[in-house]
Amino acid sequence: MKCIAWLALAAALASADARRPVIAIGGINHESNTFNPRKTRLADFTPRNIAREEFLRETAKSNSTVSGFIAGARESGFDVHPLFDTEAPPLGPVTRDAFDTLTRELIAGLKAAPKLDGLLLYLMGAMVTEDYPVADAEVVRRVRAAMGDRFPIVVVHDYHANVSEEIVQLTTALLTYKECPHLDSKQRGVQAARIIAGIVSGKWKPAQALVKPPMMYNLVFQNTFRPPFGPVTEESRRLEKNPKILAASVPGGYQYGDVPTMGPSVVVVTDNDPGLAKREAQRLSDMLWATRDKLVLNLPDPAKAVAQAMAGGKFPVALFDTGDNIGGGSSGDSTFILAELLRQKASGWFVPFTEPEAAAAAFRAGVGQPFDQLVGGKADKLHGAPVRVRGRVRSLHLGTYFETEVRHAGRRYFDMGLTAIIEAEGSAPDLPNLVMLTTKPAIPLSIHQLTSCGIYPERLKILVVKGTIAPRPAYEPVAALIIEVDSPGVTAVNPKRFVYKNVRRPMFGL
Ligand SMILES: [Zn+2]
């Protein structure tokens with residue numbers, strides 16, 4: 001009997017020794033457009049009280065960064081302790097109340113967990129709050145204060161991060177998406193999981209460095225799959241083949257954050273080699289700086305863009321309404337391009353609007369009924385005057401859809417709220433003019449936004465898309481041509497349309 005008890009005790013001790021590390025995973029994701037007067041409130045953030053099993057099951061199905069943490073844990077042999085992964089639309093700065101609540105919930109989750117060996121955290125990297133211009137760093141500062149200086153914290157930022165020196169100091173390792181459009185959200189989660197596994201096992205001791213060239217990298221030039229940015233991204237991939245380099249990130253920055261950290265960055269994480277980190281970060285930063293003569297903005301305004309689209313022989317043409325980039329923090333109700341389509345009597349077009357009021361009017365009217373409403377231009381004074389849309393209600397929808405392909409940021413489920421499709425005047429039976437009215441902002445990341453409402457993009461001539469780079473993976477397969485339009489708005493790509501007060505000076509591109 002005694003012998004068996006000893007064996008049992010020995011086995012228990014052995015399994016305690018071989019205890020798998022437990023890493024907390026979570027995310028707070030907000031890209032704050034400081035030019036947007038509408039503050040981001042707690043209610044704008046997605047729910048956080050999701051049961052742990054459901055969180056793991058549903059997140060694992062997506063292609064998000066946190067899904068990469070889960071996949072990476074499996075690969076690297078540790079267990080995950082899920083906290084939450086919340087995001088809000090990229091409106092204006094986050095309120096004090098929302099920020100304090102989210103960080104408090106995050107830390108409470110960490111404190112309530114059984115023994116943790118580290119944290120994998122997804123932070124967008126361009127969050128601004130009422131109190132903090134670099135709020136992501138403040139999240140990590142609070143987590144550090146709660147969990148101690150030796151607690152491993154590996155953070156993944158979006159490509160649009162305005163990386164701060166403070167967060168580089170506070171994190172054990174920091175990496176960002178490489179790709180814009182963001183097709184590598186999940187891969188970066190997996191990479192972060194590998195890095196934290198190496199830290200926890202004692203194999204790696206990260207030393208990282210940040211260098212920021214004194215420039216703004218306009219959103220229009222942030223396509224990492226082609227020059228001028230592409231070769232720098234490629235060089236960061238090549239660097240990671242060096243076993244001493246754990247991660248090399250070149251985020252392009254987020255130009256709608258008027259904060260001192262605005263602009264592109266290079267972050268290099270090495271295994272215990274600060275000199276190498278600094279040297280390579282400087283070298284990649286010099287590469288970015290050397291591309292500046294390629295960064296000349298020359299895009300058509302809405303009138304020219306519509307004329308160009310109509311004159312082109314191949315359809316559909318996608319007009320990217322860069323001034324009303326919903327993913328960049330705009331209202332989604334700009335009317336500049338719709339007004340031009342009507343003025344130039346274009347036909348076979350599709351224009352979406354975030355328009356709860358007009359959507360409700362269409363629902364009250366019902367399918368097949370006449371529709372005559374002022375649409376758009378209501379959220380603020382930056383996106384044109386409301387435009388009168390006359391026609392009939394073509395169809396009504398719940399507004400949910402889902403995406404199985406890898407698209408920007410790797411999301412799976414989408415919800416644009418109750419949605420109405422209006423067939424506007426001038427429609428022909430086989431070539432309708434369609435206005436989509438959504439209740440909630442719908443970032444155009446998936447072509448199912450259209451097909452789920454019975455709209456076949458390949459049968460239309462002009463598709464208006466409220467974005468700049470992020471919609472490309474969804475629209476490149478269906479559009480014969482993409483035209484980026486220099487339209488006004490809170491996300492205008494032309495920096496002359498804004499007054500910057502808080503960025504570093506001098507700054508190339510402003
Ligand atoms: Zn982004």
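Predicted model: local features only at pLDDT ≥ 70, side-chain atom pairs only at ≥ 80, totals over all residues.
Reader: What is phi of Lys-345 near?

Author: Phi of Lys-345 is near 50°, a positive value in a residue other than glycine. For background, most residues other than glycine have a negative phi.

Reader: How do you know that the peptide bond from Pro-227 to Pro-228 is cis?

Author: Look at omega: it is near 5° for the bond from Pro-227 to Pro-228, and that bond is cis. Pro-228 sits in the loop between β6 and α8 (230-239). A cis bond also joins Phe-315 and Pro-316, with omega about -5°. Pro-316 belongs to the loop between α10 (302-311) and β9 (317-321). As a rule, most peptide bonds are trans.

Reader: Why are β6 and β7 said to stand at the edges?

Author: Start with the sheet, which is open and has three strands in the order β6-β8-β7, paired antiparallel. β6 (206-211) and β7 (245-249) each have a single partner strand, so one side of each has no neighbour in the sheet, and that puts them at the edges. On average, neighbouring strands of this sheet are turned by 10° against each other, direction ignored.

Reader: How do you know that β6 and β8 pair?

Author: Two strands pair if DSSP finds at least two bridges between them. β6 and strand β8 (residues 266-271) are joined by six, and they run antiparallel; six clears the cut-off of at least two, so they pair. Among the partners, Ala-207 is bridged to Thr-270 in β8, and Val-211 stands opposite Val-266.

Reader: What makes β6 mostly covered?

Author: Buried takes 20 or more other C-beta atoms within 10 Å. Five of the six residues of β6 are buried, and on that count the strand is mostly covered. Helix α9 (residues 274-289) lies across β6, β7 and β8, running at about 30° to β6.

Reader: How do you know that β1 and β2 pair?

Author: The cut-off is at least two bridges. Strand β1 (residues 22-29) and β2 have seven and run parallel, so they pair. One example is Ile-23, which stands opposite Val-80 in β2. The sheet they belong to is open, with five strands in the order β2-β1-β3-β4-β5 and parallel pairing. Its edge strands are β2 (79-87) and β5 (173-176), each pairing on one side only. From one strand to the next, the twist averages 15°.

Reader: Which residues of the largest nonpolar core touch the most other members?

Author: Leu-120 and Val-267, out of the 84 residues in that core. Helix α7 (residues 185-200) supplies the largest share, seven residues. Apart from this core lies another one, of 59 residues, including Ala-309, Phe-371, Met-436 and Ile-447.

Reader: What is Leu-120 in contact with, its neighbours within four places in sequence aside?

Author: With those neighbours left out, Leu-120 is in contact with Ile-23, Ile-25, Phe-69, Val-154, Ala-192, Ala-193 and Ile-196. Each of these counts as a contact because the C-beta atoms lie within 7 Å.

Reader: How many residues of domain 1 are in contact with domain 2?

Author: The domain assignment gives domain 1 (16-293) and domain 2 (302-493). Their centres, taken over C-alpha atoms, are 32 Å apart, while 24 residues of domain 1 are in contact with 20 residues of domain 2. On the domain 1 side that touches domain 2, eleven residues are nonpolar, ten polar and three charged.

Note on methods
Residues numbered from 1 in each chain as written. Core = buried A, V, L, I, M, F, W, Y, C linked by C-beta atoms within 7 Å. Buried ≥ 20, exposed ≤ 12 C-beta atoms within 10 Å, placed from the backbone. Helix = DSSP H or I, 4+ residues; strand = E, 2+ residues; numbered from the N terminus. Contact = placed C-beta atoms within 7 Å. Domains from an automatic or database assignment. Nonpolar A, V, L, I, M, F, W, Y, C, P; charged D, E, K, R; others polar. Axes fitted to C-alpha atoms, helices over the stretch in contact; angles between N-to-C directions.
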